[in-house]
Amino acid sequence: MKVVIIGAGATGMAAAYDLSANGHLPIIYESAPFLGGHASTFDIGGAQIERGYHHWFTNDIDIINFVNEIGLGDRIKWFESKVGTLVNGKIYPFGSPIDLLKFSALSIIDRLKLGFATLYIQKKKNYKDFEHITASHWLRKNVGKNGYETFWEPMLRGKFGVKFYEKISMAWIWGKMHTRLASRGSSFSKEKLGYPIGSFSEIFEVLSNKIIQSGGEINLSTSVSKILVDNGKFTGLELAKNNTKTDLQYDACLVTTPSHIFQKLVGNNLTNSYREKLDSIKYMSAVLLILCLDRPLTDKYWLNIADRSIPFVAVIEHTNFINSDLYSGKHIVYLSNYLDSDNYMYNMSHNELLEHYIPHLKKINSDFNSDWIQNSYHHRIDCAQPIIGVNYSKIIPSHKTPVKNLFLANTSQVYPEDRGTNYSVRMGRNLAKMIMETC
Ligand SMILES: Cc1cc2nc3c(=O)[nH]c(=O)nc-3n(C[C@H](O)[C@H](O)[C@H](O)COP(=O)(O)OP(=O)(O)OC[C@H]3O[C@@H](n4cnc5c(N)ncnc54)[C@H](O)[C@@H]3O)c2cc1C
């Protein structure tokens, strides 16, 4: 079978790998000049690093098994995570139940309420009990005003912005907590996070070589502009370059783009109910400012910012996770925000964002001086996070679309877990199987 795949991210590459390993011919079209989509990397002075910070949990078994299978298992390393939260100018460690008990930004009663609510969510086996309730309503009621406003609200606001944070379903929190707590083993053991040393670029390069060696094709910098449909059946593609039609006869097409792009590509060839589902899916963009410093900013890998005077929501200090020796001694810090496209910071240039953020770094480390910055980078990643509202399961489009031999697999279909490379790999492999069984 010749199977065309739109997108060379984790989903498309995993699907292509399995199709080629089973004697089929995947042909990938990717609009970017590089592999990896949301998990793609860039050069940070001689080493590759992700445009947006990435790590794995110990229960991300689909991607761990996959990386082992392609021969890169020995590149996965595990390190203790160092998590903190900044409240009222102070950094509190926040990686274990003991840290919660010592979290003096809240009264002991409020700490206990936070702890009991966590245990309650952990005990709930089915996310469906939480589907119809917003996280802000449930958490406000169960952890109290102080616990909500000090801990949960900054996290929700940070991930979904002022416009959406009060609309997020409690099932999203359930999904986040269940995957994270399951990764920890026992509640009292320290959390470990994994990372492929050498970055995700090694994984995508190895996959690319294997796909091409088996006869598959990967076309970078090649944007698809139209999916052609005849009589309710997928027939081919049009490429953006000169509106050229691809002349190959394909047996099936797997689209891994965000839902609204898919809808634009396929035009009015979908049923109303399927189109309505695609229309309901909205996303946040991630905006990352990456600093290379000559020394550490903090001693934390992941610092949640629960201070609304600071214009970014998390500080992820990659080199407090992976040794800075791998980056010629540079200390690499992501200043992270999730924004919608009307937000003023989404539209800021690299220099504007740098000037806007720098004064706030002193609130994180009072010794900070802008002379510490050796270099900086700016990345805007669209459709980074699907917005998971109440009763989300009802709007998830099926992988099999109403068009025969046309399939959709993107991050909006990962639920109740939150999107991640583990789930993209799992979805890509499941889709390859579905295509092999049905086309
Ligand atoms: C800031 C950030 C941090 C993250 N952190 C983690 C983490 O710590 N751990 C983790 O596991 N996951 C993390 N993720 C999530 C993970 O990166 C994604 O879930 C995963 O990479 C999505 O893969 P995908 O293939 O489904 O989609 P994408 O990676 O979005 O791939 C889709 C591809 O389609 C291409 N495309 C779009 N339109 C067209 C077109 N018309 N023609 C051709 N090609 C097209 C795009 O260029 C893209 O490459 C993070 C994501 C972000 C943004």
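Two strands are treated as paired if DSSP finds at least two bridges between them. By that criterion, A314 stands opposite S336 in β17. The model is predicted, and in it seven strands form an open sheet of mixed pairing. The domain assignment of the protein chain gives a domain 1 and a domain 2, and the largest nonpolar core has 123 residues.

**The sheet**

- The strand order in the open sheet is β8-β7-β15-β16-β17-β14-β18.
- At the edges are β8 (90-93) and β18 (373-386), each of which pairs on one side only.
- From one strand to the next, the twist averages 20°.
- Strands of a sheet pair through backbone hydrogen bonds, in either a parallel or an antiparallel sense.
- The parallel sense is found between β7 (residues 83-87) and β15 (residues 302-305), which are joined over four bridges; in this pair, T85 has N304 of β15 as its bridge partner.
- Helix α5 (residues 135-164) packs on the sheet and touches β7, β14 (283-293), β15, β16 (314-317), β17 (331-339) and β18. The direction of helix α5 makes about 80° with that of β17.

**Strand β17 and its partners**

- β14 and β17 run antiparallel and are joined by nine bridges; C292 stands opposite I332 in β17.
- β16 also pairs with β17 in the antiparallel sense, over four bridges; A314 is the residue that stands opposite S336 in β17.
- Nine of the nine residues of β17 are buried, so this strand is largely enclosed by the rest of the structure.
- In a regular strand the side chains alternate between the two faces of the sheet.
- Both faces of β17 are covered: the buried residues are H331, V333, L335, N337 and L339 on one side, and I332, Y334, S336 and Y338 on the other.

**The nonpolar core**

- In soluble globular proteins, nonpolar side chains tend to be buried together.
- Within the largest nonpolar core, of 123 residues, those with the most contacts are M13, C253, L254, V315 and F407.
- β14 gives the most to this core, contributing 10 residues.
- At least three residues of the core come from each of domain 1 and domain 2.
- Apart from its neighbours within four places in sequence, C253 is in contact with V4, I227, F234, N405, L406 and F407.

**Domains**

- Domain 1 comprises 2-47 + 199-281 + 391-438, and domain 2 comprises 96-189.
- The centres of domain 1 and domain 2, taken over C-alpha atoms, are separated by 34 Å.
- Contact between them involves six residues of domain 1 and 10 residues of domain 2. The side of domain 1 that touches domain 2 has two nonpolar, two polar and two charged residues.

**Backbone features in loops**

- Y415 and P416 are joined by a cis peptide bond, with omega of about 10°. P416 is placed in the loop between β19 (406-408) and α11 (421-438).
- S221 has a positive phi of about 50° although it is not a glycine. S221 lies in the loop between β10 (217-219) and β11 (224-230), and it counts as exposed because it has 11 C-beta neighbours inside 10 Å.
- N391, likewise a residue other than glycine, has a positive phi near 50°. N391 lies in the loop between β18 and β19. A residue is exposed if 12 or fewer other C-beta atoms lie within 10 Å of its own; N391 has 12 and is therefore exposed.

How values were computed
Residues numbered from 1 in each chain as written. Predicted model: local features only at pLDDT ≥ 70, side-chain atom pairs only at ≥ 80, totals over all residues. Helix = DSSP H or I, 4+ residues; strand = E, 2+ residues; numbered from the N terminus. Axes fitted to C-alpha atoms, helices over the stretch in contact; angles between N-to-C directions. Contact = placed C-beta atoms within 7 Å. Domains from an automatic or database assignment. Nonpolar A, V, L, I, M, F, W, Y, C, P; charged D, E, K, R; others polar. Core = buried A, V, L, I, M, F, W, Y, C linked by C-beta atoms within 7 Å. Buried ≥ 20, exposed ≤ 12 C-beta atoms within 10 Å, placed from the backbone.
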